[in-house]
Amino acid sequence: MTSSQPPTPEARANVTEENVDTRAELLPEEESAGGSADPRAQAEAILAESEERTLHPDADEGGHRTSAETA
């Protein structure tokens with residue numbers, strides 16, 4: 001997330017145990033980069049931040065840009 005605000009309780013509630021379990025399985029490039037001391041906690045944080053951006057897309061700096069704005 002680009003904001004310094006933590007994910008809302010609503011975003012955290014949308015993160016399922018199954019999703020955390022799946023995301024906690026490190027990808028080969030993550031393993032080769034040294035892995036994680038706590039892959040489940042890291043997975044939960046990543047998923048909650050992603051869910052927060054989905055629930056509140058304009059809360060980040062500037063919101064979403066259109067293709068015309070990026071040209």
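The predicted model of the protein chain has an average pLDDT of 84, and 76% of the residues score at least 70, where pLDDT is the predictor's confidence in each residue on a scale from 0 to 100. Among the elements, the highest mean pLDDT, 94, belongs to helix H2 (residues 17–24), and the lowest, 66, to helix H5 (residues 67–70). Because the model is predicted, local features need a pLDDT of at least 70 and side-chain atom pairs count only at pLDDT 80 or more, whereas totals for chains, interfaces and linings use all residues. Residues are numbered from 1 along each chain as its sequence is written, and side-chain values use heavy atoms, with hydrogens and water left out.

The secondary structure of the protein chain consists of five helices and zero strands, in the order α-α-α-α-α from the N terminus. Helices (H or I, at least four residues) and strands (E, at least two) are taken as DSSP runs and numbered from the N terminus. Of the 71 residues, 13% are buried; buried denotes a relative accessible area under 20%, exposed over 50%, and partly exposed in between (1.4 Å probe, protein chains only). The chain exposes about 5,300 Å², of which carbon and sulfur atoms supply 49%, as computed by the Shrake-Rupley method with a 1.4 Å probe. Contacts are defined by heavy atoms within 4.5 Å. Among contacts with a separation of 6 or more, 58% involve residues 24 or more positions apart.

Helix H4 (residues 39–55) comprises 17 residues, which should span 24 Å at 1.5 Å a residue; its end C-alpha atoms are 24 Å apart, in agreement with this value. The expected span is 1.5 Å times one less than the number of residues. The buried residues of H4 are Ala43, Ala48 and Glu52. They cover an arc of only 165° around the axis and therefore lie on the same side of H4, the arc being that of the directions from the helix axis to the C-beta atoms. The cover over the buried residues of H4 includes helix H1 (9–13) and H2.

The segment before H1 contains Thr8, which is partly exposed at 25% relative accessibility. Leaving aside neighbours within four places in sequence, Thr8 is in contact with Glu52 and His56. The C-alpha atoms of Thr8 and Glu51 are separated by 9.3 Å, although the two residues are 43 residues apart along the chain.

Three salt bridges are found in the whole structure, each defined by a side-chain nitrogen of Lys or Arg within 4 Å of a carboxyl oxygen of Asp or Glu. Arg40 forms one of them with Glu17, with the closest N and O atoms 2.6 Å apart. Arg40 lies in helix H4 and Glu17 in helix H2, so this pair ties together parts that are 23 residues apart in sequence. Glu17 is exposed, at 53% relative accessibility, whereas Arg40 is partly exposed, at 34%.

Arg40 also meets Asp21 in a salt bridge, at 2.2 Å from N to O. This pair links distant parts of the chain, with Arg40 in helix H4 and Asp21 in helix H2, 19 residues apart. Asp21 is partly exposed, with a relative accessible area of 40%. Through shared partners, salt bridges join Glu17, Asp21 and Arg40 into one network. A salt bridge is also formed by Arg23 and Glu30, whose closest N and O atoms are 2.8 Å apart; Arg23 is partly exposed at 25% relative accessibility.
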